[in-house]
Amino acid sequence: MSECEKTNYIGKSVPRIDALEKATGKVKYFEDYQIQYRDLLHVKVLRSPHAHAKIVSVDVSAAEALPGVATVVKGSDPDLPWSDIPYGSSYYGNPAKDEVIWAGQAVVAVAAESIEIAEQALELVKVVYEELPYVTDQHIAIRPDAPEVISPELGFAAGYMGFQPEGPNVAGSYKMTHGDVDKAFAEADVIVEGEYQANKKSTSQIECNGCIAEYQPDGVVKLISNGMGVHGVLKKHLLTMYPQLTASTLRVIQPVTGGSFGNRLFPTIEPLAVLMTLRTKRPCSYVLTRKEMYTSSPSNWPVFTKLKLGAKKDGTIIAEDFYLVEDAGAQIRGYYDGRLSASGLMCVYNIPNVRCDSYGVRTNTMPCAPYRGLGVPESEWAMENLLDELAEKLNMDPLELRLKNIIKKGECNPYGEKVTSIAIGKCLEAVAEGIKINEPCQQDDGPWKYGKGIAAGGKQNTPLGRSEADCLIHSDGSVEILVSCDEQGMGAQSALRQMAATELQIDIDRVKMTRSDTAVTPYDNFGASSRTTYTTGNAVIIACQDAIDQLKEAAGREVGLAKKQITIKNGKAYVVGSDVEVIDIKDLFKPFDFFTQQTWGLLQGTPVRGRGVFCPAPAVPWFGPGHEDGRTPRMWNWYQYSAFGAEVAVNVETGQIKLLKLFSTADTGNPINPKLVEGQIDGGVIMALGFSTLDYHMFEDGKMINANMSDYRLPTVLETPLQKNFMRAILPDPLPDGPFNAKGCAESMMIPIGPAIAAAVYQAVGVRPKEMPMTAERILKLIKDKEANDAK
Amino acid sequence: MKFNSYYEPNTVDACVQILSEQGSDAKLLAGGTDLVIRMRSRVIKPKTVVSLNAVPELSEVTLKEDGLYIGAMARLMDVSKSELLTGAWKIIKTGAGNVSSMQIRNNATLGGNTCNASPSADTVPGLVVSGAIANIVGKNGNRSVLLEEFFTGPGKTVLSDDEILVSFKIPKYADKTGAVYKKYSIRGDTDIAIIGVAGKITLNDQGEVADVKIALGGVAPTVIRVPKAEALLTGKKLTAELIEEAAVIASESCTPITDARATKEYRTEMVRVWVRHVLTDAVQEAQKN
């Protein structure tokens, strides 16, 4: 094996950096830092019992008088930052001022010596509400005459960028036309249409959201949080909110975290903890309870899709028309116009005539945030289900129909973007083969009926700003990579380390990762839209190249060669094209000399610092002249794909679905660490199995009624197929501009699971589910309706 | 979770003494799997907690002339594995084994699951069809109550503040008796039951139903019997049609609510499905025993 091959870690399942520490319980989560503080205050929050109500009065005097209470925050306090947030602060989780707009919104917060005292204090708070009409159903909320989610007199205007809302709760709209849709439908031989709904769901990460804010004697506020984006989310937002903090007096650290899946993309707890620490000058810890995780931390945005497809007899799909509404909940900030969810309906199939009419609407439910997949699993639920129906109408194999219509590499999608990496065809063929789609299931006399189905999915990568990385070459020849990418369990830092070791041609054990401390590590935006591998990965490579460049320069100077004559590998400098070693990198660093004072050259103990900055290729503006049709040659970065095959059993007496066998394939670009990718696939599949068949928010009287892990039914190991029936494969198409041709992969495998199960349910019992999750009750109702229909 | 005093008496009498002094301020601690959660979430705030964990005889399971005695503090895990529960008594094992996860069953007790008085408690329907009698000790002496008369509503029982449920007496069962409990939930035992159905059938020598008891959990404020369906089946030879008829009667005689686990319509339909399965299996069991 050549030196170069030895240090090529790409495509190798190098063990995760944190595997041993995590398995042995040695890593520190934010709660482990609580014991450092002898004078820690605990934050507890009183929450609105109403979906929509005016806050008439708030009396906190008894709570303030309770011994052990350090401070009480209510919405009308002068030091709460309102200027940026006209109405209240659903976005930031601080107490509401004038109105509560969902059941679970913060109204009063207490910091006290113990959790017990804080809870006791909250019971002494007297809030008088005047209930207002509310709307939790997105189908009602979008009507022009719907109850207003927020009272208009609060000065919060719907819409943005010139968009004129068509109802009081419409947040935005994105429309796009490609080709001549009406003409195409007129020419179509077969037309299918359907209405599909995906419900509200929570990410349910196992570590509840929490942080500790500490006021240091020099006025620096140190925030230890399991939230996302130390720079790009937390620091950025907190600086906007609190003018008393500056770029140098706010430090944010992300320890090891227990998951986010997008839920932590908005800082919903940190602003309160920081405010309380600014007030009390004492460390404050704020941790959500599991109930609060459901009622008061963001959910996904549910999506309603009305989709129509037109095809020629041979299966060529020529027309697509859809109306889509995403439900942003009580999210008064952010960017909701349907565009993100709609992207799922325009990235897998090459349809020459497409019309997109999409909206974002608000409801009096907990505000949304990204949930793994950014609304795309919700919208492709419609596409994949309707394709199955279309295949039946055309009397065509669903696999063949899909293969016939997928976008080919180099072709443009309906946005007008050229697709440079796509392996969905391979993925689909593999799953069809894997679950033997053409072999019918054996049926018996019992209540369980069996069926198989396949589906595809694609997900864009949203261009989400820059990543920076530093590559330190220490004077002992070891390497340290400084990044601020989120590590929510996906193993990003392990993959980045493999990239660095490969780029530097150095033994991976000599590469150390230092991560996510705004006082130490450079800027990164946040770990969303599967961007870390791509964006931070590219930044790491650039930083390594910069460091190499500096080493070449230093080595050349030392031995009298030009930079271009030198190559660096395995911690040594060589003459290009030969194996002649010119100098060990370690020897470039000189010991301190009293007489020269080391005024030039590299000094022992001080590293060479390579810098890397990577911004995704700038997106062409989404608005303005030239983009009236909603199209642009670059709206997103690249696309990840996945296909899924499912074999299920459906109980005709109870409506229950059991997933018996599954095969998931993912086009992740060139995988950096296959084991980590497989981990992503397995985790994604189980998560999607949950929201496809089990878990969703239930509301009664405007309140979520299943805000606990007993009634919010996540799949357990018992709902997951046995390992021998749980199959997966990585089928990559390399991404030209990806780091070592990799793409991100965290989201695509979520998409096809629901539709593949739905296709299998259809095969088993002849009903087509339209609403996700496909709960036992819903399936049973479809079966009963069908029986009643058949009897007619 | 804060309370003023904690007692761990060694005898039932001492326990009754404390309860009669403390009145409604006191709560009994058995396995704690319901009590601790409710105290933590501040749903209840007792001033005094009285543990029954130091009274050893409360955990005993004893076979006597007149039946089987199960101490109220018997852990569900032990009940679910008890070798004394044979034949038609196995239904009690099944119910205990269906309660939640192994970790919970290791702590939770049969008496605790009963006194918590949840309409969907998995142990109760099986105990009810088995004719279980609750033995109660209080300030004013002992009394025994038929278990199906023990519950007065969700979370409510006939126990007064100074009384303790000490044991269950399970009467002996006749030959040719089969008893079956089925829990229906989405995620197996870890979930709270959507509904639970217990059925006990005794056949006579002609293979006709000499006695039948059906109990439903999770479909009314307390676990209920279905006398109308029982009357329909008594004295008859069971057929699929008859069983279906009884199942329909059962589903019509319950009054479920809609909650986070299921709608009332679904619960009603599930009663029909699972009463059918329970009766079908119970007859088979009866023929075997």
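1. Chain A is assigned three domains: domain 1 (3-26 + 464-614), domain 2 (37-132 + 209-287) and domain 3 (303-413 + 421-463 + 626-791). These bounds come from an automatic or database domain assignment. Please keep in mind that this is a predicted model, where local features need pLDDT of at least 70, side-chain atom pairs count only at pLDDT 80 or more, and totals for chains, interfaces and linings use all residues. Residues are numbered from 1 along each chain as its sequence is written, while chains are lettered from A and ligands numbered from 1 in the order in which they are written.

2. In chain A, the C-alpha centres of domain 1 and domain 2 are 39 Å apart. Their contact draws 17 residues from domain 1 of chain A and 17 residues from domain 2 of chain A (two residues are in contact if their C-beta atoms, placed from the backbone, lie within 7 Å). On the domain 1 side there are 4 nonpolar, 8 polar and 5 charged residues. Here Ala, Val, Leu, Ile, Met, Phe, Trp, Tyr, Cys and Pro count as nonpolar, Asp, Glu, Lys and Arg as charged, and the others, Gly among them, as polar.

3. Now to the partner chain: 17 residues from chain A and 15 residues from chain B make up the contact. On the chain A side, the elements giving two or more residues are α4 (115-123) and α19 (776-791) (helices are DSSP runs of H or I, at least four residues, numbered from the N terminus). That side of chain A has 5 nonpolar, 5 polar and 7 charged residues.
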